[in-house]
Amino acid sequence: MTLDGLERAIHAAVPRRSRVNFVRYADDFIITGKSKRLLEKQVMPVIEAFLAQRGLALSKVKTRITHIKSRKLNQALRGWAYYHRHVVASRAYNRVDQYVYEQTY
């Protein structure tokens, strides 16, 4: 409940064309954006101000701004696809692709 309104605050602070996406699960969240600079200069200040009003702060240990290619999800998916590359599994690949897209969007 504390994070209710954070997504709205972020989207209000950046132009729509910035392609900023917000995914929240309980008290954790992931924000993706068009560029690292956008996340550092425009999104982070909004998050910090939003949390400060509620007496909270971002965890320095858990907070990272990284390129999507560095995420462990991509490594796991690549390994799964490499393992199953010898079988005709287009239906399975399509289902996994759709699931991952929906969960990360």
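How many helices and strands does the secondary structure of the protein chain comprise? The chain has 4 helices and 2 strands, where helices (H or I, at least four residues) and strands (E, at least two) are DSSP runs numbered from the N terminus. The model is predicted: local features need pLDDT of at least 70 and side-chain atom pairs count only at pLDDT 80 or more, whereas totals for chains, interfaces and linings use all residues. Residues are numbered from 1 along each chain as its sequence is written, and side-chain values use heavy atoms, with hydrogens and water left out.

View 1. Of the 105 residues, 17% count as buried (under 20% relative accessible area; exposed means over 50% and partly exposed in between, with a 1.4 Å probe and protein chains only). Among contacts (heavy atoms within 4.5 Å) between residues at least 6 apart in sequence, 41% join residues at least 24 apart.

**View 2. Helix α1 against helix α2.** Two packed helices are described by the angle between their axes and the distance between the axes. The axes of α1 (residues 6-13) and α2 (residues 36-52) come within 9 Å and cross at roughly 145°; axes are lines fitted to C-alpha atoms, for helices over the stretch in contact, and angles run from 0 to 180 degrees between N-to-C directions. On the α1 side the contact is made by L6, A9, I10 and A13, and on the α2 side by Q42, V43, V46, I47 and F50. By class, this contact has 8 nonpolar residues, 1 polar residue and no charged residues (Ala, Val, Leu, Ile, Met, Phe, Trp, Tyr, Cys and Pro count as nonpolar, Asp, Glu, Lys and Arg as charged, and the others, Gly among them, as polar).

**View 3. The rings of F22 and F29.** F22 and F29 form a stacked aromatic pair, 5.7 Å centre to centre with 25° between the planes. Rings of Phe, Tyr and Trp (its six-membered ring) pair if their centres lie within 6.5 Å; planes under 30 degrees apart count as stacked, over 60 as edge-to-face and the rest as tilted. F22 is buried, with a relative accessible area of 10%, and F29 is partly exposed at 24%.

**View 4. Surroundings of S18.** S18 is found in the loop between α1 and β1 (21-25). Its relative accessibility is 8%, so S18 counts as buried. Leaving aside residues up to four places away in sequence, S18 touches G33, K34 and L38.
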